[in-house]
Amino acid sequence: MNSDYQRKVKGNRLLVLLIVGLALFMLGSSIISMIAMIPLQKITNISGEKINEALTVFSNYFSNELRNDGLKWSDYAKSYFEADPILFDNIRSFYCAVQFLTYMPLLVIFVYFLRHDLVNDFKEFKKNFAQNIAIILGALAGMYILGLIVVNIYYALGITDDSANESIINILLTSPGKWLMIISVVILAPIVEEMIFRKLFIDTCETKFKLKPIYAILISTVLFAFIHVTDLESIKFIFQYIALALPICVAYHYSNNNIYVVTIVHIINNLLSVLTVTYIFWL
């Protein structure tokens, strides 16, 4: 079997996995939410209509868009849940469970279909261990420096709040279901997102479409950033996610597309973020 044919087969396989992975990543939480509604109704004895209403309110918890009555969604959401703290805890725990159950099937699918790639990458990681550790440390330093630059620019522009995505994650990390969320944020999300946006996306760009690494890096960085901007109000925070994704993409390239290098970087970054949130909460 010639090398051109092997590359073609690999490119097609990666493209199919990428499409399936992105579809499940984007739609998975909605599907899991609908399925999880049934046990939630039984556990809480709350009607489906009431739960749907609460989920809608919670999803707009940090939105400053105006409702039909002229009240900001964020103000309405806070007063809505302050009137029923138990409902608030149930909804937050529900979202934690949905996040966990969304990532788990993706993890199983990717590990199965990419098992040979994962074995090869692990061998290469051990073989070039010292070099890979240096790349990991360099990526973390790059993320810190870029993040600091972005934060200072935001501060100079008077932007001191967080994106809706970041704010929702923080509020879930202090909910009764926080352990499911911690596992999702620190372990599952980094593994799944690195498999999608680095192993599948960059490798597909380079193998299937024969793009130069610089273009694959830039496209992956921007796509990753846009995926994490959940609403128009948060578009201004896209540079925060670019500061996160760009060093990871560069690290992926210099590690010869090793998934373990970038996954470790992502895990460490998310772990530090979670520790910061939980430390502030317990102060």
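Phe58, Tyr61, Phe62, Trp73, Tyr76, Tyr80, Phe81, Phe88, Phe94 and Tyr95 make up one aromatic cluster. The model is predicted. Arginine 67 lies over the face of tryptophan 73, at 5.1 Å from the ring centre. The charged end of arginine 67 also sits over the ring of tyrosine 76, 3.7 Å from its centre.

The count of aromatic pairs comes to 20. One of them joins phenylalanine 25 and tyrosine 103. The ring centres of phenylalanine 25 and tyrosine 103 are 6.3 Å apart and the planes stand at 55°, so this pair is tilted. The two residues come from distant parts of the chain. Phenylalanine 25 has a relative accessibility of 13% and counts as buried. Tyrosine 103 is buried too, at 9%.

A further pair involves phenylalanine 58 and phenylalanine 88. Their ring centres lie 6.2 Å apart with the planes at 55°, so this pair is tilted. Phenylalanine 58 is in helix H2 (residues 48-59) and phenylalanine 88 is in helix H4, so the pair ties together parts that are 30 residues apart in sequence. Phenylalanine 58 and phenylalanine 88 are both buried.

Helix packing was examined for H9 and H10. Helix H9 (residues 213-227) packs against helix H10 (residues 238-254) at an angle of about 145°. Their axes are 8 Å apart. The crossing of H9 and H10 is right-handed. On the H9 side, the contact residues are Pro213, Ile217, Ser220, Thr221, Phe224, Ala225 and Phe226. They meet Ile238, Tyr241, Ile242, Leu244, Ala245, Leu246, Cys249, Val250 and His253 in H10. By class, this contact holds 13 nonpolar and three polar residues, and no charged ones.

Backbone angles in two loops were also inspected. Most residues other than glycine have a negative phi. Lysine 210 has a positive phi of about 55°, although it is not a glycine. Lysine 210 lies in the loop between helix H8 (178-207) and H9. Its relative accessibility is 67%, so lysine 210 counts as exposed. Asparagine 257, also not a glycine, has a positive phi of about 60°. Asparagine 257 is found in the loop between H10 and helix H11 (259-282). At 14% relative accessibility, asparagine 257 counts as buried.

Conventions. Residues numbered from 1 in each chain as written. Predicted model: local features only at pLDDT ≥ 70, side-chain atom pairs only at ≥ 80, totals over all residues. Heavy atoms only, no water. Phe/Tyr/Trp six-rings, centres within 6.5 Å; stacked < 30°, edge-to-face > 60°. Helix = DSSP H or I, 4+ residues; strand = E, 2+ residues; numbered from the N terminus. Buried < 20%, exposed > 50% of the residue type's maximum accessible area, 1.4 Å probe, protein only. Lys NZ or Arg CZ within 6 Å of the ring centre and 35° of its normal. Axes fitted to C-alpha atoms, helices over the stretch in contact; angles between N-to-C directions. Left-handed = near helix turned anticlockwise from the far one by under 90°. Contact = heavy atoms within 4.5 Å. Nonpolar A, V, L, I, M, F, W, Y, C, P; charged D, E, K, R; others polar.
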